[in-house]
Amino acid sequence: MTSGQGTAPDIRVPVLIVGGGPAGLTAALALSRYGVPHLLVNRHHGTAHTPRAHLLNQRTGEIFRDLGIADRVEARATPGHLMANHVFMSTFAGPEVARIGAYGNGPDRIGEYRAASPSGLCNLPQHLLEPLLVEAVEEACVGQLRFGHEFVSLEQDGHGVTSRITDRRTGRDYTVRSDYLIGADGARSRVLAQLGIALDGATGIARAVTTWFEADLSRYSAHRPALLYMGAVPGSPPADGRVFVSLRPWTEWLHLTFPPPAADVDVDDHEAVRAGIRESIGDPTVDVTIKNVSAWEVNSAVAPRYASGRVFCVGDAVHQNPPTNGLGLNSAVADSFNLCWKLKLALEGLAGPGLLDTYHDERQPVGRQIVDRAFRSMVDLIGIPQALGFTEGQSPEEQWRLLDTLHEDTEEARRRRAALAAATAAIHGQANAHGVELGYRYRTGALVPDGTPEPADERDPELYYRATTWPGARLPHAWLENGRHRCSTLDVTGRGRFTLLTGPGGEPWRDAARDAALDTGVEVAVLPIGAGGGPRDPYGTWAELREVEESGAVLVRPDGHVAWRARDHGHAKELPEVMARVLRQPDPAPRRAAGPGA
């Protein structure tokens with residue numbers, strides 16, 4: 001770029017965020033909570049005007065809890081119990097094929113989901129979520145949001161990044177000089193392209209058409225509440241799934257179709273779109289109001305690198321996956337939450353440059369996992385019509401006959417029912433992937449191993465979450481009691497600080513935390529659970545989950561992941577060195593010898 005070279009930039013700011021979707025706005029809110037000035041630019045003139053992503057899983061709920069907006073989100077969202085099922089059907093009005101409990105609502109899973117997190121899953125479409133994030137960022141008065149301002153290009157050096165921005169209202173170009181830049185500009189990210197990084201994987205693996213519409217379908221859905229109703233309309237190709245997504249029970253919906261590659265799709269022909277929706281409903285009398293129709297391509301790709309120099313990319317810029325599992329938005333939020341506390345410490349001069357490298361080290365493997373899981377979930381869906389016996393070229397009459405005879409007492413029907421049961425069971429990898437949603441562990445990064453092997457998973461690690469304090473894992477949730485106030489272990493940690501959880505007999509950890517702060521410049525809050533001055537563990541849950549002795553300690557990072565743990569207080573003197581290693585301080589000069597204020 002040429003603009004701004006050799007001249008003073010128009011704006012100087014510690015962090016520039018490019019993109020105002022969930023990833024960018026979460027980064028803005030996290031930096032606001034940490035007191036880091038920033039500027040966010042977004043090429044669009046406002047927040048999302050269509051629903052787009054919508055499912056918020058438990059980890060996202062915990063992050064929003066930490067950032068202080070969980071109550072606002074829950075007040076607007078559809079609660080988890082109204083997403084209790086995945087329904088497989090021919091049409092809404094036609095025969096139901098199968099049903100499974102979803103998102104931890106099944107009787108075999110509900111206790112596990114409730115025990116794992118203080119937050120529940122909920123459904124809040126992106127066009128409703130983004131204004132809540134904007135509101136919270138503006139209330140904080142730390143950063144600035146500029147909508148209708150488009151990122152054009154960047155150049156970086158060893159001291160910062162110079163970006164050229166265009167005000168789309170006036171056409172004026174200006175430059176922004178920032179210490180760091182966050183690329184949250186979604187699929188086809190211009191920031192990622194400027195870094196010379198291309199996604200690895202498949203793009204355009206399927207065509208999709210999404211219609212946002214209003215219709216009262218309560219008579220077909222209220223008795224079997226679900227987020228997703230998946231149809232297989234007789235006469236349609238097996239790969240042309242018809243998916244209804246409940247946005248507002250039971251009157252506001254998304255309708256997804258997957259037309260074959262050669263099919264003509266006219267998103268402006270609302271009469272044809274309306275007719276297709278009525279066909280999928282199976283009731284031509286339903287009043288359907290079209291709000292928006294969009295065509296798009298399904299991708300399954302992840303960036304090999306999430307960062308270059310002082311530029312870091314988050315969200316859809318670096319991982320793009322099919323909508324199955326609802327992991328895209330949730331992983332975008334977690335990307336930003338992982339990055340921002342590290343940026344804060346780097347800006348304060350309290351972290352070595354290696355700390356920022358851990359963003360890629362930790363999040364890129366998670367991005368690969370969610371992309372792979374979502375792709376497999378998409379493939380699994382084809383198993384439902386295949387189990388029914390649907391094949392290419394069959395007539396509607398033949399496929400209706402297959403549905404009508406599914407429950408007959410014949411060998412052929414029994415074979416198809418067995419195949420359907422197996423195909424339906426595979427869908428739990430989409431609807432109840434608790435381990436993927438909550439149980440990912442960082443195996444390298446801003447952590448110090450404690451010498452113990454990673455806990456072995458006795459059950460499917462994608463379906464089932466296992467609580468552990470193994471370094472790199474998310475801190476397990478346990479309900480505590482502080483006075484007469486119930487709080488989670490995740491409520492008494494985080495909030496932009498390092499926290500050391502200990503218990504009776506853990507007094508030496510206070511001295512160790514003081515020494516660590518003097519050596520590294522980073523405070524460590526010490527919280528004795530079940531001891532004087534700390535919250536109680538009334539159910540004994542924390543004692544069961546902590547995996548260290550009462551006098552031991554668990555060091556928790558600002559993002560709620562475990563950085564290190566020690567079996568007992570005999571390891572307390574190791575804490576200053578541990579903190580220096582977590583922060584990647586190359587040679588932390590002990591400040592204790594110089595005394596206070598050194």
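My entries on these topics follow.

I am working from a predicted model, where local features need pLDDT of at least 70, side-chain atom pairs count only at pLDDT 80 or more, and totals for chains, interfaces and linings use all residues. Residues are numbered from 1 along each chain as its sequence is written, and side-chain values use heavy atoms, with hydrogens and water left out.

Helix α1. I took helices as DSSP runs (H or I, at least four residues), numbered from the N terminus. The end C-alpha atoms of α1 (residues 22–33) are 16 Å apart, which agrees with the 16 Å that its twelve residues should span at 1.5 Å a residue; the expected span is 1.5 Å times one less than the number of residues. Eleven of the twelve residues in α1 are buried (under 20% relative accessible area, 1.4 Å probe, protein chains only). Just after α1, I found Gly-35 with a positive phi of about 75°.

Cores. I counted as a nonpolar core a set of buried Ala, Val, Leu, Ile, Met, Phe, Trp, Tyr and Cys residues joined through side-chain atoms within 4.5 Å. The largest has 107 residues, and Ile-182, Phe-498, Leu-555 and Leu-575 have the most contacts inside it. Helix α9 (residues 328–347) gives the most to this core, eleven residues. A second, separate core of 31 residues includes Tyr-113.

Pocket. Which residues lie nearest the centre of the second largest pocket? I noted Gln-58, Tyr-113, Arg-114, Ala-115 and Ala-116, among 40 lining residues. The largest share of the lining, six residues, comes from α4. A pocket here is an open set of points on a 1 Å grid over the protein atoms alone, where a 1.4 Å probe fits, with protein on both sides within 12 Å along at least five of seven lines; lining residues have an atom within 4 Å of a point.

Key:
Helices (H or I, at least four residues) and strands (E, at least two) are DSSP runs, numbered from the N terminus. Buried means under 20% relative accessible area, exposed over 50%, partly exposed in between (1.4 Å probe, protein chains only).
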